[in-house]
Amino acid sequence: MALATWEHDDDRYCLQSTYVKGDEAWYFELSEARPAPAVWTASPRHDDFLAGPAAVTVIAHDPAVEKPPYVHFDGAQEIPFDVLKHFTALVATTLADEDTQPSDSD
(Lines give C-alpha, C1' and ligand atoms only; values in the text may rest on other atoms or scores of the structure.)
Protein backbone atom coordinates (compact mmCIF):
# COMPACT_ATOMS: atom_id res chain seq x y z
CA MET A 1 0.00 0.00 0.00
CA ALA A 2 1.23 3.46 -0.83
CA LEU A 3 0.05 6.88 0.26
CA ALA A 4 0.80 10.15 -1.55
CA THR A 5 -0.41 13.52 -0.28
CA TRP A 6 -0.56 16.99 -1.81
CA GLU A 7 -1.98 20.39 -0.98
CA HIS A 8 -4.61 22.32 -2.93
CA ASP A 9 -6.10 25.63 -1.75
CA ASP A 10 -4.91 25.08 1.85
CA ASP A 11 -6.52 21.62 2.00
CA ARG A 12 -4.55 18.38 1.89
CA TYR A 13 -5.62 15.39 -0.20
CA CYS A 14 -4.26 11.91 -0.58
CA LEU A 15 -4.07 9.04 -2.99
CA GLN A 16 -3.97 5.63 -1.38
CA SER A 17 -3.07 2.81 -3.77
CA THR A 18 -3.11 -0.91 -3.18
CA TYR A 19 -2.57 -3.89 -5.47
CA VAL A 20 -4.73 -6.87 -4.49
CA LYS A 21 -3.18 -10.03 -5.90
CA GLY A 22 -6.33 -12.16 -5.47
CA ASP A 23 -8.39 -9.65 -7.47
CA GLU A 24 -5.53 -8.96 -9.89
CA ALA A 25 -6.42 -5.30 -9.60
CA TRP A 26 -5.20 -1.93 -8.39
CA TYR A 27 -7.41 -0.02 -5.98
CA PHE A 28 -6.90 3.75 -5.91
CA GLU A 29 -8.69 5.97 -3.39
CA LEU A 30 -8.86 9.75 -3.31
CA SER A 31 -9.69 11.37 0.02
CA GLU A 32 -9.01 14.34 2.17
CA ALA A 33 -5.87 13.75 4.23
CA ARG A 34 -6.12 13.85 8.00
CA PRO A 35 -3.21 14.62 10.32
CA ALA A 36 -2.00 11.45 12.00
CA PRO A 37 -2.21 11.44 15.79
CA ALA A 38 1.19 12.09 17.36
CA VAL A 39 1.05 8.72 19.14
CA TRP A 40 1.01 6.97 15.72
CA THR A 41 4.20 8.61 14.50
CA ALA A 42 7.79 8.29 15.66
CA SER A 43 7.92 12.04 16.18
CA PRO A 44 5.11 14.62 16.14
CA ARG A 45 5.59 16.12 12.67
CA HIS A 46 3.11 18.13 10.67
CA ASP A 47 3.69 16.18 7.44
CA ASP A 48 2.34 12.83 8.72
CA PHE A 49 -1.12 12.18 7.32
CA LEU A 50 -3.68 9.42 7.09
CA ALA A 51 -6.34 8.88 4.46
CA GLY A 52 -9.86 10.00 5.29
CA PRO A 53 -13.01 8.36 3.91
CA ALA A 54 -12.68 7.70 0.17
CA ALA A 55 -14.46 10.23 -2.03
CA VAL A 56 -13.43 8.50 -5.28
CA THR A 57 -12.35 4.90 -5.82
CA VAL A 58 -10.86 3.56 -9.05
CA ILE A 59 -10.49 -0.18 -9.61
CA ALA A 60 -8.23 -1.14 -12.51
CA HIS A 61 -7.82 -4.85 -13.26
CA ASP A 62 -4.78 -6.36 -14.92
CA PRO A 63 -5.16 -6.47 -18.73
CA ALA A 64 -5.25 -10.30 -18.64
CA VAL A 65 -8.44 -10.17 -16.53
CA GLU A 66 -10.26 -8.42 -19.41
CA LYS A 67 -12.38 -6.19 -17.19
CA PRO A 68 -12.45 -2.46 -17.83
CA PRO A 69 -11.49 -0.08 -15.02
CA TYR A 70 -14.36 1.58 -13.21
CA VAL A 71 -14.90 4.48 -10.86
CA HIS A 72 -17.08 4.86 -7.78
CA PHE A 73 -17.92 8.31 -6.39
CA ASP A 74 -19.10 8.86 -2.84
CA GLY A 75 -22.04 11.16 -3.40
CA ALA A 76 -21.70 12.73 0.05
CA GLN A 77 -18.32 14.41 -0.57
CA GLU A 78 -17.28 17.22 -2.89
CA ILE A 79 -13.82 17.28 -4.48
CA PRO A 80 -12.43 20.24 -6.47
CA PHE A 81 -12.04 19.43 -10.16
CA ASP A 82 -8.32 20.28 -10.11
CA VAL A 83 -7.84 17.72 -7.31
CA LEU A 84 -9.71 15.10 -9.37
CA LYS A 85 -7.49 15.88 -12.38
CA HIS A 86 -4.34 15.49 -10.26
CA PHE A 87 -5.64 12.20 -8.85
CA THR A 88 -6.40 10.77 -12.31
CA ALA A 89 -2.95 11.82 -13.55
CA LEU A 90 -1.33 10.00 -10.62
CA VAL A 91 -3.44 6.90 -11.28
CA ALA A 92 -2.59 6.93 -14.99
CA THR A 93 1.12 7.34 -14.22
CA THR A 94 1.06 4.42 -11.78
CA LEU A 95 -0.71 2.15 -14.25
CA ALA A 96 1.66 3.10 -17.08
CA ASP A 97 4.85 2.74 -15.03
CA GLU A 98 6.24 -0.78 -15.36
CA ASP A 99 8.30 -0.27 -12.17
CA THR A 100 5.09 -0.04 -10.12
CA GLN A 101 3.58 -3.21 -11.55
CA PRO A 102 3.60 -6.26 -9.28
CA SER A 103 5.96 -9.08 -10.22
CA ASP A 104 4.91 -12.71 -10.47
CA SER A 105 6.75 -13.37 -7.21
CA ASP A 106 4.71 -10.83 -5.18
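Proline 63 is exposed in this predicted model, because its relative accessibility of 76% lies over the 50% cut-off. Proline 63 sits in the loop that runs between β5 (56-61) and β6 (70-73). Along the chain, proline 63 and glutamate 24 are 39 residues apart, and a distance of 9.2 Å separates their C-alpha atoms.

The aromatic residues are described next. Tyr19, Trp26 and Phe28 form one aromatic cluster, and the structure holds 2 aromatic pairs. A pair of aromatic rings is described by the distance of the centres and the angle of the planes. The table gives both values.

| Ring pair | Distance of centres | Angle of planes | Class |
|---|---|---|---|
| Tyrosine 19 and tryptophan 26 | 5.5 Å | 70° | edge-to-face |
| Tryptophan 26 and phenylalanine 28 | 5.5 Å | 15° | stacked |

The planes of tyrosine 19 and tryptophan 26 stand at 70°, so this pair counts as edge-to-face, the cut-off for that class being over 60 degrees. For tryptophan 26 and phenylalanine 28, the planes stand at 15°, so the pair is stacked; that class requires planes under 30 degrees apart. Tryptophan 26 takes part in the edge-to-face pair and in the stacked pair.

Note on methods
Residues numbered from 1 in each chain as written. Predicted model: local features only at pLDDT ≥ 70, side-chain atom pairs only at ≥ 80, totals over all residues. Heavy atoms only, no water. Phe/Tyr/Trp six-rings, centres within 6.5 Å; stacked < 30°, edge-to-face > 60°. Helix = DSSP H or I, 4+ residues; strand = E, 2+ residues; numbered from the N terminus. Buried < 20%, exposed > 50% of the residue type's maximum accessible area, 1.4 Å probe, protein only.
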